[in-house]
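These entries record what I looked up in the structure, in the order in which I consulted it.

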Amino acid sequence: MDNLDREIINVLQDGFPICNAPYRQVALTLNITEAELLARLQNLRANGILTRFGPLYNAEQMGGALTLAAVKAPEDRFDEIADIINAFPEVAHNYARRHTLNMWFVIATETPEQVRQTIDAIAQQTGLTVYNMPKIKEYFVNLKLEA
């Protein structure tokens, strides 16, 4: 990764223009061509420096819902429980924690009602109590990683 790649990553973390030619507009900011920007982004993705390049949507502003949930997965069934939970398309990601509630996951749905339905379905399929921990207040951190 050279200095221009670093600059591209840093610039794109500050926002992506919403216009008819957003890549061209970003390229102008960087004083390069749109083709060079696209080629560098493709190369950054291909070599694994960028694992994801895309928008983050605020599901709640679009009428959807998000919640954090957790279960107490028995250690001897941990992988089985993870497979069941991960099979739900509403589960955005799932991870192990060193805690009594040892499996945490995010549920993202198109409507708020679907959160409860998904929790109930996970509880039924796993046989476990699903603890719903909905967001009470949102804080904006504005994480930016300097490349």
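This is a predicted model: local features need pLDDT of at least 70, side-chain atom pairs count only at pLDDT 80 or more; totals for chains, interfaces and linings use all residues.

Entry 1: terms and model. Residues are numbered from 1 along each chain as its sequence is written, and side-chain values use heavy atoms, with hydrogens and water left out.

Entry 2: I looked up phenylalanine 16 and found it partly exposed, because its relative accessibility is 35%. Rings of Phe, Tyr and Trp (its six-membered ring) pair if their centres lie within 6.5 Å; planes under 30 degrees apart are stacked, over 60 edge-to-face, and the rest tilted. By that rule the structure holds 1 aromatic pair. Its members are phenylalanine 16 and tyrosine 23, with ring centres 5.1 Å apart and planes at 70°, so the pair is edge-to-face. Tyrosine 23 is partly exposed, with a relative accessible area of 26%.

Entry 3: helix H2 against helix H3. I take helices (H or I, at least four residues) and strands (E, at least two) as DSSP runs, numbered from the N terminus. Axes are lines fitted to C-alpha atoms, for helices over the stretch in contact, and angles run from 0 to 180 degrees between N-to-C directions. Helix H2 (residues 22-30) packs on helix H3 (residues 34-46) at about 100°, and their axes are 8 Å apart. H2 and H3 are therefore roughly perpendicular, a class that covers 65 to 115 degrees, with under 35 roughly parallel, over 145 roughly antiparallel and the rest oblique. Counting contact as heavy atoms within 4.5 Å, I find Tyr23, Arg24, Val26, Ala27 and Leu30 of H2 meeting Glu34, Leu37, Leu38 and Leu41 of H3. This contact has 7 nonpolar, no polar and 2 charged residues; Ala, Val, Leu, Ile, Met, Phe, Trp, Tyr, Cys and Pro count as nonpolar, Asp, Glu, Lys and Arg as charged, and the others, Gly among them, as polar.

Entry 4: helix H1 against helix H3. The axes of helix H1 (residues 3-13) and H3 come within 11 Å and cross at roughly 95°, so H1 and H3 are also roughly perpendicular to each other. On the H1 side I list Leu4, Asp5, Ile8, Ile9 and Leu12, and on the H3 side Glu36, Leu37, Arg40, Leu41 and Leu44. By class, I record 7 nonpolar, no polar and 3 charged residues for the contact of H1 with H3.

Entry 5: the loop between H2 and H3. Asparagine 31 lies in this loop. Although it is not a glycine, asparagine 31 has a positive phi of about 65°. Asparagine 31 counts as exposed, because its relative accessibility is 72%.

Entry 6: two further side chains. Which residues does arginine 45 touch, not counting those up to four places away in sequence? They are Leu50, Thr51, Arg52 and Phe53. Arginine 45 belongs to helix H3 and is partly exposed at 44% relative accessibility. Threonine 118, in helix H5 (residues 112-126), is buried, with a relative accessible area of 5%. Leaving aside neighbours within four places in sequence, threonine 118 is in contact with Phe88, Glu90, Ile107 and Thr109.

Note on methods
Buried means under 20% relative accessible area, exposed over 50%, partly exposed in between (1.4 Å probe, protein chains only).
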